[in-house]
Amino acid sequence: MNVCAPCRSNGRDVTTQTCQIGVVHGLFDRCVTGDREAWRDLHRTYQPIACRFLARLGVPGSDVDDACQEVFVQVFRYLGRFEHRCDFQTWLYKLCLSQSARLRRRRKLQRALAWLWGHESAAHTAGHDWTDRMVEERVRRAFDRMKPLHHEVLVMFHLEGLEGDEIARILGCPPTTVRRRLHYARQEFEQLLWAGTSPAGKGSAP
Amino acid sequence: MSEQNGNWPTVMKDESGETGTALRRYDGGTKATPSEANAYSGVLAKLEGRPVRLRWRIALGTTAVVLPLLLWLLRPSESTISGSPASSSSGTMANFTPATPSPASGLAPSIQLGMAPITLPTGKLQLAGGVTAMLTDATSATARFQQGTLDIALASGTIVLHVLPREIGQAVLITAGHHRFTVVGTVFRLSYTPRRLDLSVIEGLVAVSRGGEHVATVASDETWSINLALPAPASPRHGDAAPRVARRTLQENCARFTAEQTQQKIACYREQVSKGGPDGERAQHMLARYLRDDVVDLTGALAAFESQRSRYPRGELRVEADRAVIEILPRLGRHAEALVETQSFLDAHPDAEDRAELRLMRGDIFRAIFQDMLSAEREYDEGAEADGRTGDDSRFLRALCLESLGRVNEARLAYRDYLAQAGTAHAREAQRHMKRLAQ
């Protein structure tokens, strides 16, 4: 059973099917009682959304599967406490954000350890080879160096296509704060993305 | 930064510049998602694997505390108990050790409880809501957790519970035979021998009920005991000794009985209840309403409504039963339980039409019964938006609470706002309070 379409967003980058709230509530109730079929339906419906969001948040491809599993472990474990106080997807995004933050901290630690042991990764990109992979890597590095709060709002608004009010609900802050963060996030992102790139180099991007 | 839709910026990904292009390429590289089936298997494996590890950690960390407790519980003077919830109250035991902090109080629940009852395994468990339970061998108990309330049904055996301080609106309910213990407070001891049940409350309040009938509310430094060897008092509920109704009347409408034929009518409803299914639920509901409205047996009605809720937790008349229980509890003086019930109801139905009335009722209980003006003010504030008399009362009583709390400026503002509205019911009293605050 496909429970409902991903019901989110401002109409950008989303399917436009209507979310059947009643069906979703019924599904959650079944999940709470331990109905494995319901768990499977819920996972089938929301796993792609969670994985995609985690990948957009900069979780490396090799870690996305594991991170996504962790998110759903939390979902199934604490679904009984969810009680529809907010939209399920809002909760799912929150879990993804905390999982991504956890991985980011772990990556930082790994990098610090690698530096201590003299095994610093040489996988830095350099030069002006504007292949698709190169662009991806540059964006990823820019995201990695951004302030986490800026990074999160930027991904949710500019990539996920979420409404500002929805982002405010996910982050638990007023919409004006989201708007302000978006402003500075964009400045920071552009600065980091094009850092060290000459105007010619920037212009050579296909 | 160009903006649209209420000052929100345009989406970078849709822009044609280099930044937009870079973002689109990055986004294109994030589309691949892992196999859903494999991922689901991984989730299940993690879910099934973790609690075991957690239990091991709990077991290793708390063995020193649990072992002496187990030995004490299994000593010969207190024999193992057996029985079923429906048989009698003599087959139950619960022992709440006071003033001993739970060794595992800071741990995450080791067993996930939902709305459906789950059989508890023996051994030590961290349950929802900061409750630690230890079940000895051969103990049979189920538990469920719903809207902040932990409901444990002890069928037989021994259970040791550590209950952390409860917030108002949350509760731990333990059903043992015909007796029900509502843990409103925090620390109490309940000990059992085959002949005696002793309750000693160290802190807070514990409500004891039997078959839906309120037996006692035991406050701190008070004790309550019952000699289980004595025959149980006769139930005041109607219908227990009702003559059996002839078979031919069962299929007819129970409402056909006259006002004098109370026992027959109750017996008729009970026969229909025994059939189960939606008709059984309706009959149970009708019986409860009959006991409440016509027989005016509130205790019996409450027991009937509670029976309906436990037998048909998702029945079509569940909400009506919830409302009826909420209405009856304060009339029986069981205010703490009324707070628990109303909170559960409001959590489950945040948009209920009568939420303002319920908030007003909760405010009154907090203010008049528990003298908790802070909580009362919050409740009145929630109900202040309502129209009519409910909103009127809520606004005035909120101001009264603010005044009692010494928040003079807020109280003055609240009275002023209240008096600014036309046709208020407490205008004269509000003016008097305003004058007093102005002095």
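This is a predicted model: local features need pLDDT of at least 70, side-chain atom pairs count only at pLDDT 80 or more; totals for chains, interfaces and linings use all residues.
The largest nonpolar core contains 66 residues, and the members that touch the most others are Leu42(A), Val75(A), Phe143(A) and Phe189(A). Helix α2 of chain A, residues 36-56, supplies ten residues, the largest share of this core. Leaving aside residues up to four places away in sequence, Phe189(A) touches residues of chain A, including Val139(A), Phe143(A) and Leu154(A), and also Met12(B), Thr19(B) and Leu23(B) of chain B. Another core, of 45 residues, lies apart from the largest one; among its members are Leu291(B), Ala324(B), Phe345(B) and Ala399(B).

In chain A, helix α6 (residues 148-159) packs with helix α7 (residues 164-171) at an angle of about 140°, and their axes are 10 Å apart. The angle therefore makes α6(A) oblique to α7(A). Their crossing is right-handed. The contact joins Glu152(A), Val153(A), Met156(A) and Phe157(A) of α6(A) to Gly164(A), Ile167(A), Ile170(A) and Leu171(A) of α7(A). Sorted by class, this contact has six nonpolar residues, one polar and one charged.

In chain B, helix α11 (residues 388-404) and helix α12 (residues 408-420) pack at an angle of about 160°, with axes 8 Å apart. Because angles over 145 degrees count as roughly antiparallel, α11(B) is described as roughly antiparallel to α12(B). The crossing of these two helices is left-handed. Residues of α11(B), including Arg395(B), Phe396(B) and Ala399(B), meet residues of α12(B), including Ala411(B), Ala414(B) and Tyr418(B). The contact of α11(B) with α12(B) comprises eight nonpolar and five charged residues, with no polar ones.

Technical notes. Residues are numbered from 1 along each chain as its sequence is written. Chains are lettered from A and ligands numbered from 1 in the order in which they are written. Side-chain values use heavy atoms; hydrogens and water are left out. Axes are lines fitted to C-alpha atoms, for helices over the stretch in contact, and angles run from 0 to 180 degrees between N-to-C directions. Helices (H or I, at least four residues) and strands (E, at least two) are DSSP runs, numbered from the N terminus. Angles under 35 degrees count as roughly parallel, over 145 as roughly antiparallel, 65 to 115 as roughly perpendicular and the rest as oblique. A crossing is left-handed if the near helix is turned anticlockwise from the far one by less than a right angle, and right-handed if clockwise. Contact means heavy atoms within 4.5 Å. Ala, Val, Leu, Ile, Met, Phe, Trp, Tyr, Cys and Pro count as nonpolar, Asp, Glu, Lys and Arg as charged, and the others, Gly among them, as polar. A nonpolar core is a set of buried Ala, Val, Leu, Ile, Met, Phe, Trp, Tyr and Cys residues joined through side-chain atoms within 4.5 Å. Buried means under 20% relative accessible area, exposed over 50%, partly exposed in between (1.4 Å probe, protein chains only).
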